[in-house]
Amino acid sequence: MNKLLIYIPVLLLFAACNLQGQENQQTESLNDMGHLNHLEHITYQSAMADTSNTKKVVRSEEEWKELLSSDEYRVLRKEGTEIPWVNKYNSHYEDGVYICKGCGQPLFSSETKYNSRSGWPSYWAPIREDAVDEREDNSFFMTRTEIVCSRCDSHIGHVFDDGPEPTGLRYCMNSAALKFIAKDESAE
Ligand SMILES: [Zn+2]
C-alpha cells in the first residue's frame, strides 16, 4: 500500500511532463511552418487602415503548403468547401474584422455578418468592393459565382443573390479562409 502511494504522484508527474512535451512540440512545428507568425502582426487598427494596398501577393505552391494548414490549403488554394455548422465562424458574432488567411487583407466586417442558417459564415457585403474578385464557377454541374481575395487570389467562398437588404447578397464564406480580429475598444 505504501509503495502504491509513492507511485501515484510519480505517475502523475510523468503524465504531466508528457502532456507538456506534446504541447511544446505542436507549438514548435507550427512556428517552424511560419504560420503562427504569418498574420500575427495584424491588429484591428492596422487592418482597418489597410485600404489602399493593391499589390498582388504571389506565392509558389510549395510556399502555400508551408504557410497554410492542410484544411486552409484545401479551401484557399484548391477551391475546397469546409463542413457546414461545425466550422469556426458560423455562429461567431463578436465585433471586429475578418481578414484573409492567405495574405491578411481585410475582407469582411462583423457589421455585415448575419445568420443565414446555411451553416457557413455569411455577410451581405465585403468590407470594400475591391477586396474581393468574382469568378464564374461551373463545378458540380452548377453555375455559381466564386469569391476570391483580390490580393492573393485565394478562394474564400461563393456569393448568392438570396441575401438580406440592403444588397440582397449572401457572401457564403469558409471559416478556414478567414481570420477574425476583435475590435480593439481603445481604438474608438
Ligand atoms: Zn488574400
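## Strand pairing

Two strands pair if DSSP finds at least two bridges between them. By that rule, β1 and β2 are joined: three bridges link strand β1, residues 96-100, to β2. The two strands run antiparallel. Within this pair, Y98 stands opposite F108 of β2. The model is predicted.

In general, the strands of a sheet pair through backbone hydrogen bonds, in either a parallel or an antiparallel arrangement.

## The three-stranded sheet

The β1-β2 pair belongs to an open sheet of three strands, in the order β2-β1-β9. Its pairing is antiparallel. The edges are β2, covering 106-109, and β9, covering 178-182. Each edge strand pairs on one side only. On average, neighbouring strands in this sheet are turned by 30 degrees against each other, direction ignored.

## Y73 in helix α5

Next comes a helical residue. Y73 lies in helix α5, which spans residues 70-78. Is Y73 buried or exposed? Y73 is buried, because 20 other C-beta atoms lie within 10 Å.

Which residues does Y73 contact, leaving aside its neighbours within four places in sequence? They are W64, K65, L68 and K78. Y73 can also be placed relative to K101, which is 28 residues apart from it along the chain. The C-alpha atoms of Y73 and K101 are separated by 9.8 Å.

## F140 and F141 in the β5-β6 loop

Two phenylalanines deserve a look at their backbone angles. F140 is found in the loop between β5 (132-137) and β6 (144-149). Phi of F140 is near 55 degrees, a positive value in a residue other than glycine. F141 is also placed in the loop between β5 and β6. Its phi is near 60 degrees, again positive in a residue that is not glycine.

Are these side-by-side entries buried or exposed? F140 counts as exposed because it has 8 C-beta neighbours inside 10 Å. F141 has 5 C-beta neighbours inside 10 Å, so F141 counts as exposed too. The cut-off for exposed is 12 or fewer, which is why both counts qualify.

Where is the cis bond? The peptide bond from E165 to P166 is cis, with omega near 10 degrees. P166 sits in the loop between β7, residues 155-160, and β8, residues 170-173.

Terms used. Residues numbered from 1 in each chain as written. Predicted model: local features only at pLDDT ≥ 70, side-chain atom pairs only at ≥ 80, totals over all residues. Helix = DSSP H or I, 4+ residues; strand = E, 2+ residues; numbered from the N terminus. Axes fitted to C-alpha atoms, helices over the stretch in contact; angles between N-to-C directions. Contact = placed C-beta atoms within 7 Å.
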